[in-house]
Amino acid sequence: MKIVVTGATGFLGAEVVLSALRRGHCIVALGGSTLPLARAATGGDAISVRQLDLTRPDLAETLLLEEFPDAIINCVGTREPDGLDAAGDAAAAGDNAAAGGTAGDAEARATALNVEVPRRLARVAHHLSAKLVHISADSVFDGARGDYAHTDTPAPTGVFARTKADGERAVLDAARGLASVVRVPPLHGNSAGVTGGRSFHERLFARWAAGARPTLPDTVLRQPLDAGNLADVLVELCERPNLGGVWHWAGTTALTPFETARRIAERFGLDPAKFVSPAPPPPAANASPVTDATPAATAPTTAPATAPTTVSASPPPARRDLRLSLAPLAGKLRTLPLDFDSVLERLRTPPAFAAWLATQTGTAAGTRSAGAIPLLIKGRDF
Ligand SMILES: NC(=O)c1ccc[n+]([C@@H]2O[C@H](COP(=O)([O-])OP(=O)(O)OC[C@H]3O[C@@H](n4cnc5c(N)ncnc54)[C@H](OP(=O)(O)O)[C@@H]3O)[C@@H](O)[C@H]2O)c1
């Protein structure tokens, strides 16, 4: 199968490329500002790489019509601030409160990447009769209830969440049955892309090595997910023509960001009490620091075809339960969801911080291996 992977230089996109190559597909890898893709280049003839600004509709459509793929996996999008972001990262995600940036710029970028790019990809996918797989987020829900079913109605509480909810609807409207949208919690793993350092534990290491003791929310419950495991799911969805619609995928262990960081510290032999602190619970009138609660004060620069999702007027609850029910998708796929021990097993010491870790733990410098991840075998595993 010929699959176009957009955002192939990103944290998830690089894993998707590797998963698709392992499963024997032919890949067109599209990067944004950086050229893909150091590790994926090992795919030889099975991969071609391009750099393309997908906010330029003319270029994107021309390339997709030329390539005529069987499927598109869209890994372009902004990322939700998670309490470890620099101000610039938060601004890019549309979290103006955290970033102190200009509301208009940040929201326009979130709208362009989370709504307009997917809408255009969905239109082209429909034109080509190609499958489109698109990634949304657990935070389209407000967290008041938890255990959300894939049929539940989103209730976003901030800019990132609203644009993800709008993106879901834009994709489903434009692709008309050819799209699978997968809502997921925060991702973990090792950055495989050329830019590196994008995952949660890699950014934790950067903060720790700089002498910081990050303060993370202990009031938001989510199911940390391995990016490689999600990548396998996204590729499997391309291989299954009938699984259109909105689905949920996540890890099987529910943890707060504070608990997650504690478990990561322990996994690398660090004393969690010295390296991570719980954030004080947010006052009821304000958002948790892990969410972007900035109300959608300005209209998107490009009017979407469908009306934008209304952002809940009330703030998110002080304690948020964003757990997702994996039914019925988990029963339909060969890829299995992972518990957090398995997610931890796969994490490697970021090479740049191996010497720092050795000084902390008194062990010889060297990266901890992620353990052997078996290659998938066609006919047996998929
Ligand atoms: N990471 C998470 O924890 C998480 C959780 C839930 C949902 N998601 C969703 O998963 C998707 C992937 O996230 P990620 O963590 O992999 O993000 P990421 O590491 O920031 O990657 C984003 C990708 O989009 C590309 N891109 C940005 N602007 C572009 C443009 N104008 N034209 C073409 N490409 C462009 C980037 O290219 P360059 O870097 O080369 O510019 C990069 O390859 C997003 O939709 C995100 O909302 C992520």
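What covers the buried residues of α7? I started there. This is a predicted model, and I kept that in mind throughout.

**Entry 1: helix α7**

I looked up the cover first: it includes β7 (187-188), α9 (257-267) and α10 (272-275). Helix α7 itself spans residues 200-209 and is mostly covered, with seven of its ten residues buried. I noted the buried ones as Phe200, His201, Glu202, Arg203, Leu204, Phe205 and Trp208. After α7 comes Gly211, and I read its phi as positive, near 90°.

**Entry 2: the chain overall**

I stepped back to the whole protein chain. I found twelve helices and 13 strands in its secondary structure. The chain has 382 residues, and 54% of them count as buried. I then checked contacts between residues at least 6 apart in sequence: 76% of these join residues at least 24 apart.

**Entry 3: the sheet**

In what order do the seven strands of the open sheet run? I wrote down β3-β2-β1-β4-β5-β6-β11, with parallel pairing. At the edges I have β3 (47-51) and β11 (245-248), each of which pairs on one side only. From one strand to the next, the twist averages 20°.

I went through some of the pairings one at a time. Strand β1 (residues 2-6) runs parallel to strand β4 (residues 71-74), and four bridges join them. Within that pairing, I see Ile3 opposite Ala71 of β4. Next I took β4 with β5, which pair in the parallel sense over four bridges. Here Asn74 stands opposite His134 in β5. Then I moved on to β5 and β6, also parallel, joined by six bridges. Ile135 has Val182 of β6 as its bridge partner.

**Entry 4: strand β5**

Is β5 buried or exposed? I count seven of its seven residues as buried, so the strand is largely enclosed by the rest of the structure. I sorted the residues by direction: Lys131, Val133, Ile135 and Ala137 point one way, while Leu132, His134 and Ser136 point the other way. Both sets are buried.

I followed the chain onward from here. β5, α6 and β6 make a right-handed β-α-β unit. Helix α6 lies across β5, β6 (179-184) and β11, and I have it running at about 160° to β5.

**Entry 5: around the ligand**

Which residues come nearest the ligand? I found 27 residues around it, and the nearest are Gly7, Gly10, Gly32, Ser33 and Gly77. As for elements, those that give two or more residues to the shell are α1 (11-22) and β5. The largest share is that of α1, at three residues. I also sorted the shell by class and got twelve nonpolar, twelve polar and three charged residues.

**Entry 6: Asp147**

I wanted a look at a residue in a loop and picked Asp147. This residue sits between β5 (131-137) and α6 (159-175). Why does Asp147 count as exposed? I get 11 C-beta neighbours inside 10 Å, and the cut-off for exposed is 12 or fewer.

**Entry 7: Lys2**

My last stop was Lys2, in strand β1. Lys2 counts as partly exposed because it has 15 C-beta neighbours inside 10 Å, a number that falls between the limits of 12 for exposed and 20 for buried. Apart from neighbours within four places in sequence, I find Lys2 in contact with Cys26, Pro69 and Asp70. I also looked up Gly24, which is 22 residues from Lys2 in sequence and 9.8 Å away in space, C-alpha to C-alpha.

Key. Residues are numbered from 1 along each chain as its sequence is written. This is a predicted model: local features need pLDDT of at least 70, side-chain atom pairs count only at pLDDT 80 or more; totals for chains, interfaces and linings use all residues. A residue is near a molecule or strand if its C-beta atom, placed from the backbone, lies within 6 Å of it. Ala, Val, Leu, Ile, Met, Phe, Trp, Tyr, Cys and Pro count as nonpolar, Asp, Glu, Lys and Arg as charged, and the others, Gly among them, as polar. Two strands pair if DSSP finds at least two bridges between them. Axes are lines fitted to C-alpha atoms, for helices over the stretch in contact, and angles run from 0 to 180 degrees between N-to-C directions. Two residues are in contact if their C-beta atoms, placed from the backbone, lie within 7 Å. A crossover is right-handed if, with the strands pointing away from the viewer, the path from the first strand over the helix to the second runs clockwise.
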